[in-house]
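Work through the exercises below with the coordinates open. Try each task before reading its solution.

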Amino acid sequence: VQLQASGGGLGQPGGSLRLSCAASGSIFSINVMGWFRQAPGKERELVAVIASGGRTNYADSVKGRFTISRDYAKNTVHLQMNSLKPEDTAVYYCNADIRRYYSDPFMDYWGKGTLVTVSS
């Protein structure tokens with residue numbers, strides 16, 4: 001199983017960026033998909049997650065600015081980031097709980113990370 005993220009880069013304060021992450025490989029089902037981030041000198045933190053039923057959870061710092069969505073048919077999760085702030089600068093990691101085969105337990109998978117820099 002691989003998680004391939006795309007869409008990072010440079011954004012301006014007040015601007016927007018969109019991240020996408022596609023899961024591929026042997027996948028029977030996916031439970032939660034989401035995004036975490038790690039800023040320089042800080043611990044990795046949850047940004048937003050979306051469960052298989054569509055329930056979402058956001059960090060307080062991004063509520064009202066970021067929107068997570070999911071394409072269940074394509075095993076893809078998106079993060080629309082609006083009203084960007086310099087403090088959103090971090091490496092963003094895609095995460096998913098995946099069951100590879102019917103008899104397997106759900107396991108935690110991580111993408112390699114994509115850098116988001118917010119600066120004028």
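**Exercise 1. Accessibility and an aromatic pair**

Is Tyr102 buried or exposed? Then classify its ring pair.

Solution. 
- Step 1. The model is predicted. Take the relative accessible area of Tyr102: it is 66%. The cut-off for exposed is over 50%, so Tyr102 is exposed.
- Step 2. Count the aromatic pairs. The total is 2.
- Step 3. Take the pair of Phe28 and Tyr102. The ring centres are 5.6 Å apart and the planes stand at 80°. Angles over 60 degrees count as edge-to-face, so this pair is edge-to-face.
- Step 4. Phe28 lies in the loop between β3 (17-24) and β4 (29-38). Tyr102 lies in the loop between β9 (90-99) and β10 (107-110). The pair therefore ties together parts that are 74 residues apart in sequence.
- Step 5. Check Phe28. Its relative accessibility is 46%, so Phe28 counts as partly exposed.

**Exercise 2. A second ring pair and a charge**

Classify the pair of Phe36 and Trp110. Over which rings does the charged end of Arg44 sit?

Solution. 
- Step 1. Phe36 and Trp110 are 5.1 Å apart, centre to centre, with 65° between the planes. The pair is edge-to-face.
- Step 2. Phe36 belongs to strand β4 and Trp110 to strand β10. They are 74 residues apart, so the pair links distant parts of the chain.
- Step 3. Compare the accessibilities with the cut-offs. Phe36 has 17%, and counts as buried because that is under 20%. Trp110 has 36%, so it counts as partly exposed.
- Step 4. Turn to Arg44. Its charged end sits over the ring of Tyr93, 3.8 Å from the centre. The charged end of Arg44 also sits over the ring of Trp110, 4.6 Å from the centre.

**Exercise 3. The disulfide**

Which cysteines form a disulfide? Assign its handedness.

Solution. 
- Step 1. The disulfide count is 1.
- Step 2. The partners are Cys21 and Cys94, with sulfur atoms 2.1 Å apart. The cut-off is 2.5 Å.
- Step 3. The torsion about the S-S bond of Cys21 and Cys94 is about -90°, so the disulfide is left-handed.
- Step 4. Cys21 sits in strand β3 and Cys94 in strand β9, 73 residues apart. This pair links distant parts of the chain.
- Step 5. Both Cys21 and Cys94 are buried.

**Exercise 4. Strand order**

What is the order of the strands in the open sheet of 4 strands? Find its edges.

Solution. 
- Step 1. The order reads β1-β3-β8-β7, with antiparallel pairing.
- Step 2. The edge strands are β1 (2-6) and β7 (66-71). Each pairs on one side only.
- Step 3. Neighbouring strands of this sheet are turned by 15° against each other on average, direction ignored.
- Step 4. Inspect β7 and β8 (residues 76-81). They run antiparallel and are joined by 6 bridges. Arg70 stands opposite Val77 in β8.

**Exercise 5. A glycine in a loop**

Where is Gly8 found, and which residues beyond its sequence neighbours does Gly8 contact?

Solution. 
- Step 1. Gly8 is in the loop between β1 and β2 (9-11).
- Step 2. Its relative accessibility is 33%, so Gly8 counts as partly exposed.
- Step 3. Set aside neighbours within four places in sequence. Gly8 is then in contact with Leu19, Thr114, Leu115 and Val116.
- Step 4. Take the C-alpha distance from Gly8 to Val91. It is 8.7 Å, across 83 residues in sequence.

Technical notes:
Residues are numbered from 1 along each chain as its sequence is written. This is a predicted model: local features need pLDDT of at least 70, side-chain atom pairs count only at pLDDT 80 or more; totals for chains, interfaces and linings use all residues. Side-chain values use heavy atoms; hydrogens and water are left out. Two strands pair if DSSP finds at least two bridges between them. Helices (H or I, at least four residues) and strands (E, at least two) are DSSP runs, numbered from the N terminus. Axes are lines fitted to C-alpha atoms, for helices over the stretch in contact, and angles run from 0 to 180 degrees between N-to-C directions. Rings of Phe, Tyr and Trp (its six-membered ring) pair if their centres lie within 6.5 Å; planes under 30 degrees apart count as stacked, over 60 as edge-to-face and the rest as tilted. Buried means under 20% relative accessible area, exposed over 50%, partly exposed in between (1.4 Å probe, protein chains only). A charge sits over a ring if NZ of Lys or CZ of Arg is within 6 Å of the ring centre and within 35 degrees of the ring normal. Contact means heavy atoms within 4.5 Å.
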